[in-house]
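Visitor: I'm new to this structure. Could you walk me through one part of it up close?

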Amino acid sequence: MGFREKLLVCATIESETKEEMVKSMEIAKEEGADLVELCMESISHISDVELVLKQRTLPAIVSFRLNSQKISCKGDSKHKCLQVLRLAVELDVEFVEIDFELASDMINEVMQKRENSKIIVSSYVKCGIHSKEKLGNLLICLQSTGADIVKLVTEVAYITDVAPVFHVLTLSQVPVIVRAVGDRGLISQLLGPKYGAFMVSGSLGGKSIPGLPPLLSIKNIYKLDNVDVDTKVFGVVSNPVGHSKGPLLHNPAFRFCGYNGIYVPLLVDNIKEFLRVFSCSDFAGFSIGLPHKEAAVACCDEVDPLAKSIGAVNTIVRRPIDGKLVGYNTDCDACITAIEDALRERQISNGEEPNVSPIAGRLFVLVGAGGAGRALAFGAKSKGARVVIFNRNFGRGESLAQAVSGEALPIDHLDAFCPENGMILANCSAIGMEPDVHLTPVSKENLRSYDLVFDAVYTPRNTRLLQEAVEVGVTVVSGVEMFIRQALGQFKLFTNGLAPEDFMRKVVLEQF
């Protein structure tokens, strides 16, 4: 049941001193929060609590979680909790949150003494298997207290554990706040408004809290005010997923096209289980990242012939007419055309007129045999290149080499590999990705044997490999260019043909 008129954005503040808490409230206001949750279990003295409440600059929820490890008082934590909550009611704080286990002791008291305060009764559920039925029964118990608002916070071990939380949002007879704790719980906030959430929580800049998006991203990237029941859900399925720039690109592109969609990071451990649980038509499409690109093939009802031959899928779309999952690979065309265009530009500047693929006949040195590596290997072969593969797992590299009639060599032979000049080097491994930006697959001196160096890594945008290639006069293609091209391909599949190429390119070059 929806209670939302205007979505409220709440900043969760966990501070150990009154000074830090007051300062954090100011930051929350600057970052666009509508209200703050003041977690008081870390504040030592009741006099400090009173000072903070009197100095609040935003509407506030006052909470004190009894089972928190951050409780500062060494004595009776329950006594301290009751003191804090009674003081909040006395000072007419906008929202006072009571733990469910205390509700029977004090809800009648606070209901009688309050003037304008809204009372929240909350329950914190430890990590475990939480069915729709179990959470639904807990919701009934919370509602039975007579609270104005109920709140359900649950620890999640897997992203699929969030599904019952969404179900709770649709059931409640009173306004409900939900939060799934942990990195895999992030979508409880980003997708909550789709299921009727009237409030979402975020973290302050520079103070990351697992499961909470940064406040600035709620307002600037996702614009959750625009999310409603009809919003189609897209996202990047990866592990890890924090490095993905997809949300920075796809969300503005949806808005530019007037398409009602949201694109979110999805930290997934088991892609098959994820697709089974989130199987409704509103989960309309996914970008597939590491390490799921190959496993995703078997999860699709249909696979595009190119993706099937590559053995890796980087895009899945749920076909609207029948709900079937269709897999594609936009990595291949994105990488190969980016490399070809760079080589053709070089040929033209040298007075040549290329009439065949500039990749044809060249030795194509590929680092990495994962999903992106497979796409590049098949693409290079189709253009007439001779493919040599270096991979940490030699057996995996050898298997890919056989599939493209190429050769596999041990990774420790890569730096000294120089059978001829004019080669193409393509790094499709994680070497040089943040945080290991000091790493590079080939030393600067040995890069002179290559005509072109491509690096699929785009965080950072200008990797050490690309920097050193430029320094020795080699043509380079950034992973950012590949990212733009494959994202354009995905966006067309997501939206049935919409492709704001100039806008998307502009966004990437400004944001990355």
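Guide: Let's look at the open sheet and the pocket beside this topic.

This is a predicted model, where local features need pLDDT of at least 70, side-chain atom pairs count only at pLDDT 80 or more, and totals for chains, interfaces and linings use all residues. Residues are numbered from 1 along each chain as its sequence is written, and side-chain values use heavy atoms, with hydrogens and water left out.

The open sheet has six strands in the order E10-E9-E11-E13-E14-E12, with mixed pairing. Strands (E, at least two residues) and helices (H or I, at least four) are DSSP runs numbered from the N terminus, and two strands pair if DSSP finds at least two bridges between them. At the edges sit E10 (261-267) and E12 (302-303), each pairing on one side only. E9 (residues 232-238) runs parallel with E11 (residues 283-288) over five bridges, and Val 237 stands opposite Ile 288 in E11. Helix H9 (residues 246-257) packs on the sheet, touching E9 and E10; contact means heavy atoms within 4.5 Å. The direction of H9 makes about 165° with that of E10, on a scale from 0 to 180 degrees between N-to-C directions of axes fitted to C-alpha atoms, for helices over the stretch in contact.

Now the largest pocket: its volume is about 1000 Å³, the space filled by probe spheres set on grid points joined across faces, edges and corners. A pocket is an open set of points on a 1 Å grid over the protein atoms alone, where a 1.4 Å probe fits, with protein on both sides within 12 Å along at least five of seven lines; lining residues have an atom within 4 Å of a point. E9, H9 and E11 are among the elements giving two or more residues to this lining.
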